[in-house]
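Dear colleague,

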Amino acid sequence: MAEGGIPVVIMGLGEVGRAVARRVLALPELRLVGAADPAKGIAGRKLEELLGAPAGGLLVDADPAAALKAARGGVAILATTSSFERALPQIEQAVRAGCSVVSTCEELAWPWLHHEAAAEALDALCEKHDVAVVGTGVNPGFSLDRLPAFLAQVAGEVRHVRGLRVVDLAKRRDALRRKAGVGMSEAAFEKADERGEVGHVGLAESAALAAAGCGLEVDEVEEELVPLLAEEDAHGVKAGQVAGVQQVARAFSEGREVARLELIIALGVDHPRDEVEIDADPPLRAVVPGGIPGEAATVNAVVHAALAVTERHRSEERRVG
């Protein structure tokens with residue numbers, strides 16, 4: 001890559017996008033060359049105003065085209081949406097501009113689950129332009145899928161994988177509370193669930209990815225979402241209101257369950273943790289007390305992926321040089 005680090009453009013400057021931008025600016029291996037977000041009140045502003053840190057005089061563009069041109073051969077970091085369908089045009093634009101893509105889009109972790117044809121077409125487009133596209137984060141991206149796959153490397157044939165992530169919402173950002181329906185009545189939660197407005201996006205993709213990473217075939221994934229109601233007034237929520245969610249994704253192969261992932265996100269939960277159990281010879285169980293911190297770990301996962309997706313090109317340049 002050119003001197004000064006791998007060129008990077010940030011697409012999407014919400015809370016996560018801004019945190020990623022600050023991390024990119026702190027690393028000499030990466031060079032932020034542009035930022036884009038069409039949102040009113042963000043486009044046209046100085047990036048340093050949004051970050052609260054020097055950003056080389058960069059302005060935020062509404063259209064990423066110019067920034068992607070400047071980042072050609074580098075990486076576009078996409079932090080805009082959880083939906084693969086909504087992210088796809090942005091990803092394709094970056095790929096056609098000659099940029100690899102690292103995204104926090106949860107459904108991108110395993111898009112073949114619900115968007116097989118589009119995922120195959122995107123894969124072909126990446127091959128044509130000699131770039132890579134990867135979805136990453138904590139869940140999906142690490143705690144309930146990549147971590148089980150890593151553990152499976154020292155096990156015999158895996159028969160089943162189970163994952164559990166317990167998160168205390170009292171210590172997490174407001175956006176996650178809203179996705180968990182905190183403060184809603186049970187009836188309001190059910191209506192919001194029907195509209196797809198509550199629950200964690202990506203758990204089903206994690207289940208399929210965890211199974212694949214452990215060498216297990218999957219032909220069906222089922223998902224269930226249940227509100228957890230407060231038993232007493234606490235954390236600003238009244239008794240009887242929604243205090244969080246329990247979400248389960250189960251992956252099957254020919255009718256047999258091969259993966260079960262459970263996510264509990266609620267206010268004031270006991271013993272937050274990440275837990276993985278693999279049924280194999282030998283059986284394996286790993287627990288991360290306190291759990292992997294979502295926001296900070298996601299930022300680090302994105303930055304590490306941005307370095308990794310360009311490693312092959314840098315290696316080729318070193319050989320040519």
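Leucine 228 is partly exposed, with a relative accessible area of 26%. This residue belongs to strand E8, which covers residues 220-229. Please note that the model is a predicted one.

Beyond the residues up to four places away in sequence, leucine 228 touches Gln241, Val242, Ala243, Gly244, Val245, Gln246, Ile264 and Ala266.

**The chain as a whole**

The protein chain contains 11 helices and 12 strands. Its radius of gyration is 20 Å, close to the 20 Å that the globule rule gives for 321 residues, so the chain is as compact as a globular protein of that length. Along the principal axes, the C-alpha trace spans about 60 × 50 × 35 Å.

Of the 321 residues, 49% count as buried. Among contacts between residues at least 6 apart in sequence, 70% join residues at least 24 apart. The protein chain exposes about 15500 Å², and carbon and sulfur atoms supply 50% of that area. As for charge, there are 34 positive and 49 negative side chains, and the centres of the two sets lie 7 Å apart.

**Confidence**

The average pLDDT of the protein chain is 93, and 96% of the residues score at least 70. Over residues 317-321, however, pLDDT stays under 50. For that stretch the model has 2 contacts beyond four places in sequence. Where pLDDT is low, the predicted coordinates should not be read in detail.

**Backbone features in the loops**

Two cis peptide bonds deserve mention. One joins asparagine 139 and proline 140, with omega at about 0°. Proline 140 is located in the loop between strand E6 (133-135) and helix H6 (146-152). The other runs from aspartate 281 to proline 282, with omega near 0°. Here the proline sits in the loop between strand E11 (273-279) and strand E12 (284-289).

Positive phi values at residues other than glycine were also found. Aspartate 130 has a phi of about 55° although it is not a glycine. The loop that holds aspartate 130 lies between helix H5 (116-129) and E6. With a relative accessible area of 37%, aspartate 130 is partly exposed.

Glutamate 254, likewise not a glycine, has a positive phi of about 50°. This glutamate is placed in the loop between strand E9 (242-253) and strand E10 (256-266). Is glutamate 254 buried or exposed? At a relative accessible area of 77%, glutamate 254 is exposed.

Leucine 50 lies in helix H2, residues 47-51. Its relative accessibility is 14%, and a residue counts as buried when the value is under 20%, so leucine 50 is classed as buried. Setting aside residues up to four places away in sequence, leucine 50 touches Leu13, Arg18, Arg22, Ile42, Arg45 and Val60. Between the C-alpha atoms of leucine 50 and valine 218, which are 168 residues apart along the chain, the separation is 43 Å.

Alanine 70 is found in helix H3, which covers residues 65-70. At 44% relative accessibility, alanine 70 counts as partly exposed. Which residues does alanine 70 contact, leaving aside its neighbours within four places in sequence? They are Pro7 and Val33. Valine 9 is 61 residues from alanine 70 in sequence, and the two are 8.3 Å apart in space, C-alpha to C-alpha.

Threonine 298 lies in helix H10, residues 294-308. Threonine 298 is buried, and its relative accessible area is 14%. Not counting residues up to four places away in sequence, threonine 298 touches Val16, Thr104, Gly137, Val138 and Pro293. Arginine 72, 226 residues away along the chain, has its C-alpha atom separated from that of threonine 298 by 24 Å.

With kind regards

Key:
Residues numbered from 1 in each chain as written. Predicted model: local features only at pLDDT ≥ 70, side-chain atom pairs only at ≥ 80, totals over all residues. Heavy atoms only, no water. Helix = DSSP H or I, 4+ residues; strand = E, 2+ residues; numbered from the N terminus. Rg over C-alpha atoms; globule rule 2.2 N^0.38 Å. Buried < 20%, exposed > 50% of the residue type's maximum accessible area, 1.4 Å probe, protein only. Contact = heavy atoms within 4.5 Å. Areas by Shrake-Rupley, 256 points an atom, 1.4 Å probe, with all protein chains shown as cover. Lys, Arg positive; Asp, Glu negative; His and termini not counted. Charge placed at Lys NZ, Arg CZ, Asp CG, Glu CD. pLDDT = per-residue confidence, 0-100.
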